[in-house]
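Morning, everyone. I have one structure to walk through today. Here it is.

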Amino acid sequence: MSQDLGVELYTASEIIAKKRDGKELTENEIKWFIKNLENKNIADYQAAAFLMAVFIRGLNAKETAYLTDAMLYSGDVLDLIDAKAIDKHSTGGVGDKTSFILAPIAASLGVVVPMIAGRGLGHTGGTVDKIESIQGFNTSLGTQEFLALLKDKGIAMIGQTAQIAPADKLLYSLRDVTATIDSVPLITASIMSKKLAEGTSGLVLDIKTGQGAFMNTKARAKELKESILETASRFGKNMMVTITDMNQPLGNAVGNSLEIIESLETLKGNGPKDLTELSAFLAGGMVYLAGLAKSHKQGIKMSLEAIKNGSAFKKFVEMIEAQGGDSRLLYDYDLFPLARQKTEVLALENGYISGFDNKEIGFSCVALGGGRLKTNDKIDFGVGFIFHAKLGSKVKKGQKLLTIFHHDHQIQQVEEIKQKFEQKMIKITKTKVFKVPPLIYETKVVWSKPHAK
Ligand code: URA
């Protein structure tokens, strides 16, 4: 079909072919494509072909800006006009659940947190899928309801909706199942379109790097950092960008319900060290960007205190109840829809844990039903893994390395996953010949607007 946008006429296949052949797209072509995607004049298979052409050929900085803008203005753009409104986003990883900890921490300290998050993407879990393991929790609020909750509670957590960032909602679910995720321009446009639509004054961005991240090398992580900072500065947003490690699962839990339970334990002060440290680090950045701390360091201290004195957990309970979730689960984990079968994976030899195949671990959770293989797949909230050892740990033959949570009918599949863990997904070496990577590689704060203090 040929459609008019101003005076120009295009067809979807012409635009796909132009990108397939490595040519630069104009602003109008990109706008036209996104508008017609939204209006359902472009079929999913055409959008998927467009995504693959972009994935292979790339977009230059100008085209990335046009795509981000077209996706941003595909829906409502809120204006919170509040310097204290700050969000955080992660590029995605395995066991990455910091949002459930840092959002209530920051909100309990006075930051307004309007979090528009995503579902699972590829081998990584998604904030929206995970939080939906709390029965009744509504992640599809309308704009007015979302704004009302922010005013009342200072925190709300939703997915992209038909009103906010609808183009990202469509493209995100296609990218999840068409091997078109790890592209700098597509990630930039996806993240920034929804984060700019929130109308916050600033954003903390956690770029994951390592074997289980979309940006698997530091060079790629830095490329994404520059692309995101460029977009943020065009829109006058204050940013804290960190590059952090994703060579092993963050915390110990992987899987929807299991990750929420681990987040709750972290909010109650019993969390794993890496998860607690990174959550406080990122929350501290939000508090600092909001002008509520004199320095990032002070923000971190305030964040740790908010865990210790229970105010962060209290804020999480408030958010769950305000969005219709069953808050009894927050005190009684047996009410989570957890799979009841447990299979343990043991170390086959003495040695040191020297590597996790983090991507394969994520895909194994997806294969058990914790993520999607097709866009309309239903999520299984109950499956997943609890790891009992981290990179660098000394282990003895027969020691428990992890527990697999699964259903009765999955016994055969779990046996295969268990063998993969033993043979390649967890590497054990006789001597400690490697260096455990740091949790946080680098951090940069960029003020586009004067500090809010
Ligand atoms: N998070 C997003 O929101 N989009 C991406 O493309 C990757 C991570």
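Let's start at the ligand. The residues around it are Thr91, Gly92, Gly118, Leu121, Leu186, Ile187, Ser190 and Ile191. To be near the molecule, a residue must have its C-beta atom, placed from the backbone, within 6 Å of it. By class, this shell holds four nonpolar, four polar and no charged residues. The classes work like this: Ala, Val, Leu, Ile, Met, Phe, Trp, Tyr, Cys and Pro are nonpolar, Asp, Glu, Lys and Arg are charged, and the others, Gly among them, are polar.

Two housekeeping points. This is a predicted model, where local features need pLDDT of at least 70, side-chain atom pairs count only at pLDDT 80 or more, and totals for chains, interfaces and linings use all residues. Residue numbers run from 1 along each chain as its sequence is written.

Now the whole chain. The protein chain has 16 helices and 15 strands. These are DSSP runs, numbered from the N terminus: helices are H or I with at least four residues, strands are E with at least two. The C-alpha trace spans about 70 × 50 × 40 Å along its principal axes. A compact globule of 453 residues would have a radius of gyration near 22 Å, and the protein chain agrees, with 22 Å. That radius is taken over C-alpha atoms, and the globule rule is 2.2 Å times the number of residues to the power 0.38. Buried residues make up 57% of the 453. Buried means 20 or more other C-beta atoms within 10 Å of the residue's own; exposed means 12 or fewer, partly exposed is in between, and the C-beta atoms are placed from the backbone.

Next, domains. The bounds come from an automatic or database domain assignment. It gives domain 1 (12-72), domain 2 (86-160 + 168-332 + 439-446) and domain 3 (338-429). The C-alpha centres of domain 2 and domain 3 lie 24 Å apart. Their contact takes 25 residues from domain 2 and 27 residues from domain 3. Contact means C-beta atoms, placed from the backbone, within 7 Å. Which elements supply the domain 2 side? Helix H8 (166-176), strand E8 (253-254) and helix H11 (256-267) each give at least two residues. That side divides into eight nonpolar, 15 polar and two charged residues.

On to the sheets. Strands pair here if DSSP finds at least two bridges between them. Six bridges join E9 to strand E13 (residues 400-406). Val345 has Leu402 in E13 as its bridge partner.

A second open sheet has three strands, ordered E12-E10-E14, again antiparallel. Strand E12 (394-395) and strand E14 (426-429) each have a single partner strand, so one side of each is left without a neighbour in the sheet. Strand E10 (residues 351-356) joins E12 through two bridges, with Tyr352 opposite Lys394. E10 and E14 pair over four bridges. There, Ile353 has Ile428 in E14 as its bridge partner.

That's my tour. Over to you.

Technical notes. Contact = placed C-beta atoms within 7 Å.
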